[in-house]
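Welcome! Take a moment to turn the model around on your screen, and then let's walk through it piece by piece.

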Amino acid sequence: MVGRGGATRRAVRAHRVEERVLSEQPEPSSQAAVAKRPHTRLLILLAAAVFVVDLVTKVVVVATIEPGEDIRVLGGLFYLTQLRNIGAAFSFAEGWTVVFSVIAVVVAVVIVRTARRLFSTGWAVALGLVLGGAVGNLVDRIFRDPGFLRGGVVDFLSAFAPDGRVWPVFNVADSAIVCGGILGALLALRGIEFDGSRAKAAGAAGSSEPAA
């Protein structure tokens with residue numbers, strides 16, 4: 001009887017130890033969540049870097065370059081100037097300042113909401129560039145003359161010739177927006193989704209496979 005009781009107690013203890021070990025092991029879904037985290041930090045850091053560089057360069061340009069002045073740099077590859085743009089990037093559609101300001105706000109909100117499900121490094125870089133550029137130009141439209149949401153964006157880079165004769169005058173924010181847009185278009189053409197997976201051909205719509 002004693003031997004049987006001792007065996008029973010040992011079996012109960014072994015069962016409890018096994019339950020404790022199993023309970024301490026993370027579930028597969030938890031392991032996947034740890035291994036695959038959204039690239040929100042990368043997006044925000046890149047957007048912040050673009051915004052800071054854009055803001056600093058604009059402040060320096062306004063403080064040191066008179067409107068209409070052209071400074072030749074890099075052997076004429078670029079000319080530094082000061083121009084107030086009331087249109088979109090590269091002086092497109094001037095006179096639509098309020099519209100583009102509202103669009104910039106919408107774009108920023110959509111990108112921030114998307115960041116929570118962003119697992120693709122490429123898309124994090126693309127959207128970070130667009131977000132930083134959009135916020136950079138939006139700050140000008142809010143705080144510069146002639147008024148709220150109608151302010152002129154400071155542009156200062158003229159490529160190949162002064163005064164935008166060859167290419168419209170632009171700034172760091174414009175460059176970031178265009179580069180982010182091009183990268184996003186390339187990712188879309190390759191079928192890479194925000195979660196890092198790659199969409200299959202049209203015949204297999206709704207399914208996806210991991211991107212390389």
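Two strands count as paired if DSSP finds at least two bridges between them. With that in mind, this predicted model contains an open sheet of three strands in the order S1-S2-S3, paired in the antiparallel sense.

- S1 pairs with strand S2 (residues 78–85) through three bridges, in the antiparallel sense.
- Across this pairing you can find arginine 72 opposite tyrosine 79 in S2, and valine 73 opposite phenylalanine 78 in S2.
- How many bridges join S2 to S3? There are six, and the two strands run antiparallel.
- Look for arginine 84 here, which stands opposite valine 154 in S3.

**Loops with something to notice**

- The hairpin of S1 and S2 has four residues between the strands, and leucine 74 takes a positive phi there, near 55 degrees.
- Leucine 74 is a residue other than glycine with a positive phi value, and its place is in the loop between S1 and S2.
- Is leucine 74 buried or exposed? Leucine 74 is exposed, with a relative accessible area of 65%; the cut-off for exposed is over 50%.
- Phenylalanine 160 also has a positive phi, near 75 degrees, and is likewise a residue other than glycine.
- You will find phenylalanine 160 in the loop between S3 and helix H6 (172–189), where this residue is exposed with a relative accessible area of 53%.
- A cis peptide bond joins aspartate 145 and proline 146, with omega at about 10 degrees.
- Proline 146 lies in the loop between helix H5 (121–143) and S3.

**Helix H3**

- Helix H3 (residues 40–64) lies across S2 and S3, and runs at about 85 degrees to S3.
- Which residues of H3 are buried? They are Leu43, Ala47, Val50, Asp54, Lys58 and Val61.
- To think about that list, remember that an α-helix has 3.6 residues a turn, so residues three or four places apart point the same way.

**How H3 meets H5**

- Two packed helices are described by the angle between their axes and by the distance between the axes.
- For H3 and H5, the angle is about 35 degrees and the axes are 7 Å apart.
- H3 passes H5 in a right-handed crossing.
- The residues of the contact of H3 with H5 divide into 13 nonpolar, six polar and three charged.

Definitions and conventions: Residues are numbered from 1 along each chain as its sequence is written. This is a predicted model: local features need pLDDT of at least 70, side-chain atom pairs count only at pLDDT 80 or more; totals for chains, interfaces and linings use all residues. Side-chain values use heavy atoms; hydrogens and water are left out. Contact means heavy atoms within 4.5 Å. Axes are lines fitted to C-alpha atoms, for helices over the stretch in contact, and angles run from 0 to 180 degrees between N-to-C directions. Buried means under 20% relative accessible area, exposed over 50%, partly exposed in between (1.4 Å probe, protein chains only). A crossing is left-handed if the near helix is turned anticlockwise from the far one by less than a right angle, and right-handed if clockwise. Ala, Val, Leu, Ile, Met, Phe, Trp, Tyr, Cys and Pro count as nonpolar, Asp, Glu, Lys and Arg as charged, and the others, Gly among them, as polar.
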